[in-house]
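Try each task before you read its solution.

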Amino acid sequence: MKLIKNLFEPELLKPSRDGFGKALVELGEKSEDFWVLTADVSESTRTHWFAEQFPKMFVQVGVAEQNLAGVAAGIASCGKTVFISAYGVFSPGRNWDQVRVSICYNNVNVNLHASHTGLTVGPDGASHQALEDISITRCLPNMIVMSPCDMEEAKKAAHAAAENILPCYIRTSREKTPVFTTPETPFEIGKANVYRDGKDVAIFAHGVPVYESLKAAEKLKEKGIDAAVIDCHTIKPIDEKTILKYGKQCGLIVTVEEHQVNGGMGSAVAEVVAENNLCPMKIHGVYDKFCESGSAKELLHKYLLDAEGIEKVVEDSMKMKK
Amino acid sequence: MMKKISNIKKLNLIANTIRQDVVKMLHEAKSGHSAGAIGLADIYTALYFNVLYHDPKNPDWPDRDRHVLSNGHVCPVLYATLANAGYFPKEELMTLRKPGSRLQGHPHRGSLPGIENSSGPLGQGLSIAVGMALVSRAERKKWRVYCMVSDGEQQEGQVWEAAMLAAKHKLGNLTVIMDRNNIQIDGYTEEVMPIEPLADKYRAFGWHVIDVDGHNIKQIIDACNESRAVYERPTMIIAHTIPGKAVSFMEQRFEWHGKPPSKKDMEEALEELQNVRKLIEEEDI
């Protein structure tokens, strides 16, 4: 997998939401049948770049996320590709029923984007930290769920969502994080990216914790633990093949995510592990609780989701191996 | 394109046929919503046999007018109307709510020709209609959007989110018809959760509002035509209807909101409707 040259000395720090915003402008340039809607958060979601260039294809619905989803469904049912963008707690949080029926049951090409997700939302506190969004989207028929790991991958996810006719949910982060994948790094819906091979334990992560897991793997190596790191950017459909391969190869899977342990990517992986009687596994994330205010860095550290925390969790999990 | 029928007697006869179909369908299905569906037969007749530009033989015609049904539970009347207009064979009406049927208990887009949107949870249709109207406007098309909403669903906040957006964009190509039949599952709307004054509310939200008798097909058609001449705002037609209209034991009874007719109920209802039919036929128009 083609990553940046000096993986642990990244030159560029950007939030993944920027990649999404850039992709929208590229998509607008490509097609007149492309619409973007937001609910009073155009700058935070980076949809304002699209709005400035394509005002006629941009709809500002105000603070009204239920209407956001419904209007988008109406536009998409006329053959358009639509993106709706807001904070994760509001969309798909506030408008889940509309996402379920107006978008998924109608089966129209409306793609949801959330700019503020996970603990890295930071100082706004628990009300704004979307930690349940994956659970509530991956259970919906027709829906594809993606969580890119950096700005570059977020761009690719947005393009992939636009090309795919099914409704998609793309989860990005507000926090500036290393841009460590490159335009040459492959991206295919449903196909996890193996960024580091290993034989003792397979770490599956998505979003911000992918890079942290790579850093953790370096430290683990010094302790004699050879960890594979897999960017599980598509949570639905989950990449069963890669899970089976690495479950067999390593005999232990640890999932890491900025999400509740109930129903997230860890659960999606566990479904595959259980059905195939594959290997022991540890689901790491936020353990059924509302978190708190703090900087992204402080919170990732406190909740063991930075490199140091992941290293500890993986090390502790090694004793689960048969 | 479907030829428009202007003769009111002919339209009243079609509405009578649709009522009879709905009674039979609901009896056969053994579940479903009777009163609302029967009460809407006149409005649906007006829409599909006069107001809408559409083509039952080409349901995906890009320039067709769109009809969005928001209160999906009244779909038996939509299904019966579509079948009578020629979208699919009438025999299929009796498969309502049965496994494998294209006639789902609440409408599903993609299952049946002529269904523009999936619906069921109340309050969602108006947003979808606004989205469609935005596309027609942006592309300078002539097709319009006609949306059916219920009175009970005005209690959903999303409806007012959509109402604001429609006014913001001055959607003159959007006509909404509200089935003001005063009942909802738990009782009369003004007892469960008062929604009046509806006309004042919509006017305050920037809409053009027209009150009509929802069983007077001429008034319904005239109001739809009036809405086409209002360019700067969306139109809300508040259609005052009698739930279960023309079936005496169902009329005005909220108990009939969510239940189907038994065999005896069906026979009585069909007899009444046949009598009404004779009266329509004897009318000298």
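**Exercise 1.** Find what the buried residues of α6(B) pack against in this predicted model.

*Solution.* Start with the helix itself: α6 of chain B covers residues 157–168, twelve residues in all. Next, pick out its buried positions, which are Q158(B), V159(B), E161(B), A162(B), A163(B), L165(B) and A166(B). Now look at their neighbours. Within chain B, these buried residues pack against α5 (125–138), β3 (174–180) and α8 (198–204), and across the chain boundary they pack against α3 of chain A.

**Exercise 2.** Compare the span of α6(B) with the expected one, then see what follows the helix.

*Solution.* From first C-alpha to last, α6(B) reaches 17 Å, close to the 16 Å expected at 1.5 Å a residue. Just after the helix, K170(B) takes a positive phi of about 50°.

**Exercise 3.** Describe the side of chain A that touches chain B.

*Solution.* First count the partners: 22 residues of chain A are in contact with 22 residues of chain B. Then ask where they come from: α3 (65–76) and α4 (96–105) of chain A each supply at least two residues of this side. The largest share, eight residues, comes from α3(A).

**Exercise 4.** Is chain A compact or extended for its length?

*Solution.* Begin with the secondary structure of chain A, eleven helices and 14 strands. Its radius of gyration is 19 Å, close to the 20 Å from the globule rule for 322 residues, so chain A is as compact as a globular protein of that length. As for burial, 60% of the 322 residues in chain A are buried.

Technical notes: Residues are numbered from 1 along each chain as its sequence is written. Chains are lettered from A and ligands numbered from 1 in the order in which they are written. This is a predicted model: local features need pLDDT of at least 70, side-chain atom pairs count only at pLDDT 80 or more; totals for chains, interfaces and linings use all residues. Two residues are in contact if their C-beta atoms, placed from the backbone, lie within 7 Å. Helices (H or I, at least four residues) and strands (E, at least two) are DSSP runs, numbered from the N terminus. The expected span of a helix is 1.5 Å times one less than its number of residues. A residue is buried if 20 or more other C-beta atoms lie within 10 Å of its own, exposed if 12 or fewer, and partly exposed in between; C-beta atoms are placed from the backbone. The radius of gyration is taken over C-alpha atoms; the globule rule is 2.2 Å times the number of residues to the power 0.38.
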